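Here's a quick tour of one protein model, taking in some charged pairs and then some strand pairing. Have the coordinates open and follow along.

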Amino acid sequence: MNLNSVSDWSFDHVFLDVFKKARPWCTQNADDSGSWNTKFYDDIPRDANGWPTQVPFVPATSDFPQTVHTLVTVVKGGTYTLTYEGMGNFTIKGSGGALNIIESDTQGIKTFSFDVTMDEEQTGTIWLEILSTDSSDYLRNFKIMTPGYISDESNPFHPEYKTRLTNFSVLRFMDWGRTNASPVVTWNDRTQPGDYTQAGNNGVALEYMVMLANDLEKDLWICIPHQADDNYISQCAQLLKNTVGPDIKIYVEYSNETWNCSSSFSQTLWVQDKGVALGLDGDRWKAGQKYAGVRSAEIWRLFQEVFGADMHTRIVKVLATQSANSGISEMRLDIFSDPQLNPDGIQPDALAMAPYFGGDVADDIVDRQEVDSISVTDILSRAQEDIELTLPDEITAQKALAMAHNLELICYEGGQHLVGTLGNENNDILTGKLLAANRSLEMGALYTQYLTLLQTKGVSHFNNFSYIGAYNKWGSWGVFEHLFQASDTSPKFQILNTWIDENPPPPEEPEPVVGPPTLVTSRLTGVSPALNTPWDLTDELYPNIIYHGWTLGSGVTPLGDDDAMVFSLCNKKKLTSLSTAVKENQYAAVSLEPAVGWTMDLGGAAVTLTIRRMDNHGGHQYAVFSSVDGFKNGDEIFVSDYYDFWSVKDVVLSFNLPREGYTAIDNAIEFRVYPFDAQYCGKKLGISGFTLEGTLY
């Protein structure tokens, strides 16, 4: 479920303390002259949480002293309780009640109660104006509690708001975060839980998103602001890692609809600017789509650095696209196979679309001059045609791309889209019929057909848009029109819950027990590997592993044999000891390392080493050392059995690395193979195979 933005005019009643959704401070002339809002917000002297520290104040560009005021819309009537701190004068008024003038001249926490009466549309309003404040003990920490509740910051959400989300598995906080056109750039820009309102342009505090997800035990879906810098992303990832419950998944998406050219989606122009600046494409539009992919990869890499080995179990990397335009999906997906644009090789987990239905119906009705004659049933019939004729091909195209890249296909948003545009939203008759269609039982039946289509076409996860929102000319998006709407009067809510109950997700099968992946398998076939070191050909190389290949120590002589790293030793008649081999640098070495930002876990990892025995005097035993433990005699991590035969034959040595010191390797590691118990000169042997398993995170 997508959750609606928290604003002073919203009908969702998220917080029991309704002041948390107060409108950002407005200003007006202290003598009541001029406009209702003189718009001197930026000039208000404020503390770190936004509480005015001086009222009245005089703006830099005006001679008129200013007071500050705010308001909130509520959908619950009754007696509200105000608590606050500080000294000064202010007024508070609930709709249907008298204006209360409060003169506060004592320190500490004070309480005041007042009534709010609902109007004909079952909404009410609370107005508060600060007339003056004592700068040494300024008015602050206003809380306006819903009737019947007391302030409890550990349980700030209205219980009805939580109860109606019980059946939904993931909560998408795009609108809570005011993602579209977000001004947030740095970590300091974000809203914090102690701020005077959660209804500002920077969205609700991330901590409240986490609190709600933890409380309901739901996965949470966050959208990273389009301008957020790397430090913001790292700090965000760290906060989520530290506070989100261990069994809760975190969906991470870059911004929202960075393809959408509507005026409220300024992030689209921003990604185009970035794409052009980076030279991603000569076409401005394409450059923006490619940048969305590039930045997504960078964001997930920063999350990878914080979450480490838990990344694949905790984080779902979401690459969003325009549902009706698979070309955008292709442009964004292509960057993940380009090592220059995606040097870390990170990959998304899911391709996300928003397959709304009925989006052209309203404007088409106007074009056909059918506004007065068309019925609600006919409107829904045309929306149904969209489900039957348009969406199947749209979803099929996106599913094919998702499968080609081994991704899940999911929906970041979706549902009906019956709304007039380009001026048609101002047609009251049309709007009335669209609202009636959304309230009809027939709409519930369409949702059943719609969800069945998505499931049949291979969509694994659907996020409905949206939870609670008043129906008006701008659309009928909510499953509820206000928080206290009776559940049985919402066909959308009824059918979504019925669908969930009748179509439970399949039980999660335990993941098969498999070993860690192969990080590298050397390819030692070719022309004279020993004469062309470092020999760095591979048969297998895991993404984000840098393989440096094989070299030889100064105490051996490389030979021109093919299809193995062949060399000879020169020793005395007496069989050599391992200490002699170490002292004389008689070894072959191989090295590798993780890419920047990645770490290898080689603790207990399996190693397979194949020795080509070409002369029985070339060595009867073999020892392996690593740069982790050192290359001095006694540092060996493996010693082979004793081999004594004359035929040319490959001997496979298999062993596991130690655990201590091998679990968090973020730089190069070198392995050396020392033959010993060798004698005479010119005796040949070689390395013909090497495989190393391990985990990369």
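Let's begin with a charged pair: Asp 8 forms a salt bridge with Arg 23, and their closest N and O atoms are 2.9 Å apart. The two residues sit 15 residues apart, both in the segment before strand E1 (26-29), and the pair links distant parts of the chain. Keep in mind that this is a predicted model.

Arg 23, with a relative accessible area of 25%, is partly exposed.

The count of salt bridges comes to 25. Another of them joins the side chains of Arg 190 and Glu 207, at 3.0 Å from N to O. This pair also links distant parts of the chain, with Arg 190 in the loop between strand E9 (170-172) and helix H2 (206-216), and Glu 207 in helix H2, 17 residues apart. Arg 190 is buried at 13% relative accessibility, whereas Glu 207 is partly exposed at 22%.

Glu 305 and Arg 301 meet in a salt bridge (2.8 Å, N to O); both lie in helix H5 (residues 284-307), four residues apart, about one turn of the helix. Glu 305 is partly exposed, with 43% relative accessibility. Elsewhere, Asp 364, Arg 368, Glu 370 and Arg 382 are linked in a salt-bridge network.

Now for the strands. Which order do the five strands of the open sheet follow? Reading across, the order is E18-E21-E27-E24-E25, with antiparallel pairing. Strand E18 (545-552) and strand E25 (638-639) stand at the edges with a single partner strand each, so one side of each has no neighbour in the sheet.

| Strand pair | Sense | Bridges |
|---|---|---|
| E21 (residues 588-594) and E27 (residues 669-676) | antiparallel | five bridges |
| E3 (residues 78-85) and E6 (residues 109-116) | antiparallel | eight bridges |
| E3 and E8 (residues 140-145) | antiparallel | four bridges |

Gly 78 has Val 116 as its bridge partner in E6, while Glu 85 has Arg 140 as its bridge partner in E8.

Key: Residues are numbered from 1 along each chain as its sequence is written. This is a predicted model: local features need pLDDT of at least 70, side-chain atom pairs count only at pLDDT 80 or more; totals for chains, interfaces and linings use all residues. Side-chain values use heavy atoms; hydrogens and water are left out. Two strands pair if DSSP finds at least two bridges between them. A salt bridge is a side-chain nitrogen of Lys or Arg within 4 Å of a carboxyl oxygen of Asp or Glu. Buried means under 20% relative accessible area, exposed over 50%, partly exposed in between (1.4 Å probe, protein chains only).
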